[in-house]
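Take a moment to look over the whole assembly before reading on. The paragraphs below go through it part by part.

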Amino acid sequence: MDFGKEGSLSIEPLDKILASVPNAGFGDLIPILQKIQAAYGYLPPSVLMAASSRTGITASRIYGVATFYEQFHLEPHGRHTIKCCRGTACHVRGGRNIIRAISRTLGVEESETTEDMRFTFETVACLGTCFLAPVMMVNNDYYGHMTSNKVKDILERYS
Amino acid sequence: MSEIQVTINGKELTSKAGQNILELALANDIEIPNLCYDPRLRPSGSCRLCVVEVQGQAEPVAACTFQIQPGMVVQTQTEEIRAIRKTVLELLFYEHRGSCTTCDENGDCKLQRYAYEYQLSDDVFEPPAGEGRRENYTTGNEALEYDLGKCIRCGRCIQICEEVQADSALTFKSRAASVEVSTAFDMPLNDSTCELCGQCISSCPTGALYERAAKGKGQCKDLVRTRTTCPYCGVGCQIDLNVNPKASEIVRVTSEVGCIPNNGNLCVKGRFGMDFIASDKRLTEPLIKRNGKFEKATWDEAITFIAERLKRTRSQFGADSIAGLSSAKCTNEDNYVFQKFIRACIGTNNVDHCARLCHASTVAGLARAFGSGAMTNSIDELKNAACIFVIGSNTTEAHPVIGLYIKKAVMKNGAELVVADPRAIDLTRFARLYIAQKPGTDVALINAMMNVIINEELHDKAFIKERTEDFEKLETILKDFTPEKAEGITTIPADKIRAAARLYANAKTASIVYSMGITQHTTGTDNVLSLANLAMLTGNVGAESTGVNPLRGQNNVQGACDLGALPNVYPGYQSVEDSQIQANFESAWGGKLSGRKGLTVVEMMHAIEEGKVKALYVMGENPALSDPNLNRTRRALEKVDFLVVQDIFLSETAEYADVVLPSVCFAEKDGTFTNTERRVQRVRKAVAPPGQARSDWKIICEVATKMAYPMSYEGADKIMGEIASVTPIYGGISFDRIDSVGLQWPCLDKGHPGTRFLHEGTFKRGKGKFHAVEFIEADELPDEDYPFVLTTGRQLYQFHTGTMTRKSPAINQVSPTGYVEIHPDDARRLEISSGENVEVITRRGRVTTPARVTSKIEKGWLFMPFHFRESPANMLTNDALDPTAKIPEYKVCAAAVNKTKQPK
Ligand code: SF4
Ligand code: SF4
Ligand code: SF4
Ligand code: FES
Ligand code: FES
């Protein structure tokens, strides 16, 4: 399979990671994936394929685990993750405007990453803090009772 | 195994240790609904539908994961249990699109059956919200289709791909409500590790996985299933042809879990390779060539014409100027009638078939060493062998379902697998030890292994003394055949040879598995004798899971040999040169027989060249693509005065014929095939033949009758009756006895149960005979002009000359054309890149084909599959013969590779 320009990613960091886990088996997969993600910023499929052929852990299993846990990303991911709520409570309180404001400020659509790799912008069904509606989250920080004009200020705090 | 008493629903039952509740219940016809259970798989307990009540357990338990314990009391149908099951089913339907009215699985779907049985309420059948059809890993795949809306996430497809097939192509992707089945990185199925066996379809309990080509061609509930035997390889899988009776069309192929020998498992050819049956390229009328062009003829004209020409040839040049090629694809009955026609009606022993080209050396070699030239054990016994030594057999591609047994032996039962092959074949993934011998050096390897065994005193002295003879002769020549010496010849490091010898010799039960990598050499008989030596030296023959197992290539090559489609023996391997036997057959068949043995396949071609053979009758074979040194073979076909070809397609060979007769294929006739483990199995008619096509044996009977040797049978079963009366090893075979499960020969009389493994207690020939086999080089070695060693073989997706498999869109999608494998270093030096067309040249011909650069093959060696008419490997192969078995050396010749001038 052709993984596009990703095919040219260096395998060196992977080799270092695998060297630190001798005789890696399925049980070591999660820590290995975490290290790969730390080294590459995400889990590049071409690197995972290489990990599969080097460890003998099947590619299908690696993919299954990588897609099961929310912590793993198979596409390049920004340094910071914005999660803006599009749930019912937030929606009636103008959540749509917040989403639009973020989009405008960063120049990306939902589930995209800014070119400078600073932010990945996601929307979610409910953040579980409806009493704060409308809500957005950056990394682990909650921002409640949002308005469109607060967006820019908040985002500037993250470099 | 200890027995355990249990009570289910008030009934006392006896269980085997290790059984779970579900297995015990099913074995006793107690119905427990189940969705994620497949006896071929490790129970996963994921669907929770099989819950039952066990006395003393606080909660209901899953029957499929709960082991039977002594005195256990189980209830399977209490109201409480039924209510739980109903809830489970309703939950499933929130994810499953209930569209049974348009679903192909309708009638065979377990979910549907249970929904009815548990009377689910109507509102659960609303379509699940937001789940439209999306692209998935099967989009665009010609073989199978995955429908997420019908998937209940039981995981059986994933499990069977991993546990049984060992391909691990599938996985669950994502979590919670968005879980779906996919491949790694959602790559298209054909780019993944999938080998298109379709096992995932066979295990899926719903219509979520289905053969794409079968969709819309008839729902399961309307299909009529006919049990028959797969027409491809020698495994002889039992398949069910599912026919839509309205269209008289084969819609899909299924197989029943539990059937012998394949337990519901099939490979890509058996499952997806049946398009040829309804192909519009089938022959439907007799054709006679007039002025170089085929013209339609009536059966009467054609038969009369053939009979006249054959009679004329015989009276002018004698019976030995006529030769016949019988067929390993045809039934036992066809083969029996054909050789009887050649022998009793024509009056010559010039009858042979393609077994000459695959296992003649097995028949010759094992007959000399043991007294019988067939697989010593049963397929099923492989799974319990402690050591399996695979040499010269690419089992997972050429005999895929036997490959499954070998994988199972390793993965489930911890067998030690030793693989010796010039190419890093798929089985090496499972091997404890992989050694790559240079093509054509097997004797050196085996001799060195035996040298180690004797030096380290690992041989079975008692066995040698009691059951064998001529050991001293072998011992003498082995003295100086050290692993170091063999290293120089085979390129395998001496220590690895030692390791292989120890693994094999130390195992309690050891099975050798080999195929054409051993037989197709000028030293083929020697190779086979060496393997027989190795087995006898360690006492590894004549017991369960212990023996020497040649895997036969064609579906019925075993049967064609058994029934005397060979120039030196009558049915049952009875020599034509023995006057007593000859007299018996003369009285059985009512005619004078020749006491001179006849010509073999390649000898026939050479005799045509010399003008000695004037007429050739070919039934269902394709020498114009399968024989070595094709240019020479084709010149012979051109030259022969009179050529009759009986086939289902206008094959490459039929193009040369004077008369072509349309015959019926396996799905259109009744009869039997004998598989590689000597099991005689039924072939049953499932659909009507195209046009005027006729059974091979009927055609032969008509020609014979026209030639004043009346032959006629009411049906195939009557032919089997006659076979049993003249063939001792088939003495007890009859259609009614093999109706549900085939019998393994020797089966001497009506009360005989058949034979699972051979040579127990005593060899067929009395004492096993050692042969001192010296190493001899291959006939043609690389030199300056032809620096590579070219070896040829099979590929998983195609069969033989491709006339059948290449009609399947599913197969063509993955295997569109031929190729030559070359090592990356050689490719770099010659500036060849993968996919680029190259020219492969030998002293006999040249072929242009795309290169496949791979480190699966060693430096200096090349590999080509032989299935493809556009790049026929056999233009290149050497027709030098093994002096004993007359098998040609397909596996080794010297070759050169060039970049082609044209742009790719
Ligand atoms: S067809 Fe066979 S190899 Fe392919 S995914 Fe299905 S089970 Fe696996
Ligand atoms: S496709 Fe079939 S076998 Fe696979 S998980 Fe879905 S329902 Fe089960
Ligand atoms: S393994 Fe052989 S017999 Fe079985 S399905 Fe495949 S080709 Fe047919
Ligand atoms: S709807 Fe937005 S936090 Fe719950
Ligand atoms: S069959 Fe037992 S849990 Fe599915």
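**Bridges, chains, cores and a ligand**

A search over all chains of the whole structure finds 63 salt bridges. A salt bridge here is a side-chain nitrogen of Lys or Arg within 4 Å of a carboxyl oxygen of Asp or Glu. The model is predicted: local features need pLDDT of at least 70 and side-chain atom pairs count only at pLDDT 80 or more, while totals for chains, interfaces and linings use all residues. Residues are numbered from 1 along each chain as its sequence is written, chains are lettered from A and ligands numbered from 1 in the order in which they are written, and side-chain values use heavy atoms, leaving out hydrogens and water.

Start with chain A. Its secondary structure comes to 7 helices and 5 strands. Helices (H or I, at least four residues) and strands (E, at least two) are DSSP runs, numbered from the N terminus. From that end, the order in chain A is α-α-α-α-β-α-α-β-β-β-β-α. The C-alpha atoms of chain A fill a box of roughly 55 × 30 × 25 Å, taken along the principal axes. Of the 159 residues in chain A, 45% are buried. Buried means under 20% relative accessible area, exposed over 50%, and partly exposed in between (1.4 Å probe, protein chains only).

Now see where the two chains meet. Chain B brings 14 residues to the contact and chain A brings 16 residues. Contact means heavy atoms within 4.5 Å. Together the chains bury about 1,300 Å², with 63% of it on carbon and sulfur atoms. Buried area is the accessible area (1.4 Å probe) that two parts lose on being put together, summed over both. In chain B, the residues that lose the most area to chain A are B:Arg175, B:Phe185 and B:Met187, together 50% of what that side buries. How many salt bridges are counted between chain B and chain A? The count is 1. The side chains of A:Arg61 and B:Glu162 meet in a salt bridge at 2.8 Å, N to O.

Next, go inside chain B. In soluble globular proteins, nonpolar side chains tend to be buried together. The largest nonpolar core has 58 residues, and B:Tyr336, B:Phe341 and B:Leu661 are among those with the most contacts inside it. Such a core is a set of buried Ala, Val, Leu, Ile, Met, Phe, Trp, Tyr and Cys residues joined through side-chain atoms within 4.5 Å. α8(B) gives the most to this core, with 8 residues. Apart from it lies another core, of 55 residues, including B:Cys387 and B:Leu531.

Chain B also has salt bridges of its own. B:Asp879 and B:Arg632 pair through their side chains at 3.1 Å, N to O. This pair links distant parts of the chain, 247 residues apart: B:Asp879 is in the loop between β36 and β37 of chain B, and B:Arg632 is in helix α24 (residues 630-639) of chain B. B:Asp879 counts as buried because its relative accessible area is 11%. B:Arg632, at 24%, is partly exposed. Elsewhere, salt bridges that share partners join B:Glu780, B:Asp783, B:Arg843 and B:Arg844 into one network.

Finally, find ligand 3. Among the residues surrounding ligand 3 are B:Cys230, B:Cys233, B:Cys237 and B:Cys267. A residue is near a molecule if one of its heavy atoms lies within 4 Å of it. α6 (268-272) and α12 (400-411) of chain B each supply at least two residues of this shell.
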